[in-house]
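Subject: Structure for you to look over

Dear colleague,

The sequence and structure are below, and my notes on them follow. Please read the two side by side.

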Amino acid sequence: MQILTWNIRGLGSLVKKRFLSKLIKKRKPSMVCVQETKLEQVDKIAIQRIWGNADLDFASASAVGASGGLLTIWNKEFFTADSVISHRNFILVQGVVNKVFP
């Protein structure tokens, strides 16, 4: 299982969205954790464009003004979330890994 984490310092620009999407396609992580998105809202269609695959789930915590914002995306083929707790300072995802990794 590969987890990608990045303090992106703003996910609003098209350049950063494209870069993150290319990184995900190249590395094929099972889970992506993004800090400092600076986004007040995140919708599933935008996340699918970044992830490049419809088989995903995600959790987010909204930015307050121009600071904060968290996003966690995971591939449902590899991980099933049983519970998610989103807070301004963290996202807790509890669940089951669906595949055995070497």
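Asp 57 has Trp 74 in E4 as its bridge partner. This is a predicted model, in which local features need pLDDT of at least 70 and side-chain atom pairs count only at pLDDT 80 or more, while totals for chains, interfaces and linings use all residues. Residues are numbered from 1 along each chain as its sequence is written, and side-chain values use heavy atoms, with hydrogens and water left out.

Strand E3 (residues 56-64) pairs with E4 in the antiparallel sense over eight bridges; two strands pair if DSSP finds at least two bridges between them. Helices (H or I, at least four residues) and strands (E, at least two) are DSSP runs, numbered from the N terminus. The two strands form a hairpin with two residues between them, and Gly 65 in the turn has a positive phi of about 65°.

Gly 68 is in strand E4 (residues 67-75). Gly 68 counts as buried because its relative accessible area is 16%; buried means under 20%, exposed over 50% and partly exposed in between (1.4 Å probe, protein chains only). Beyond its neighbours within four places in sequence, Gly 68 is in contact (heavy atoms within 4.5 Å) with Glu 36, Thr 37, Lys 38 and Ala 63. Val 34 is 34 residues from Gly 68 in sequence and 10 Å away in space, C-alpha to C-alpha.

Asn 75 also lies in strand E4. With a relative accessible area of 8%, Asn 75 is buried. Its contacts, leaving aside neighbours within four places in sequence, are Ser 30, Trp 51 and Asp 55.

**Nonpolar cores**

A nonpolar core is a set of buried Ala, Val, Leu, Ile, Met, Phe, Trp, Tyr and Cys residues joined through side-chain atoms within 4.5 Å. The largest has 14 residues, of which Leu 11, Leu 20 and Val 32 touch the most other members. Helix H1 (14-27), strand E2 (31-35), helix H2 (44-51) and E4 each give two or more residues to this core. H2 gives the most, with three residues. Apart from this core lies another, of eight residues, among them Met 31, Trp 74, Phe 79 and Ile 91.

Which residues does Val 32 touch, not counting those up to four places away in sequence? They are Leu 4, Leu 20, Ile 24, Trp 51, Leu 71, Thr 72 and Ile 73.

Met 1 lies in the segment before strand E1 (3-7). Met 1 is partly exposed, at 37% relative accessibility.

Regards
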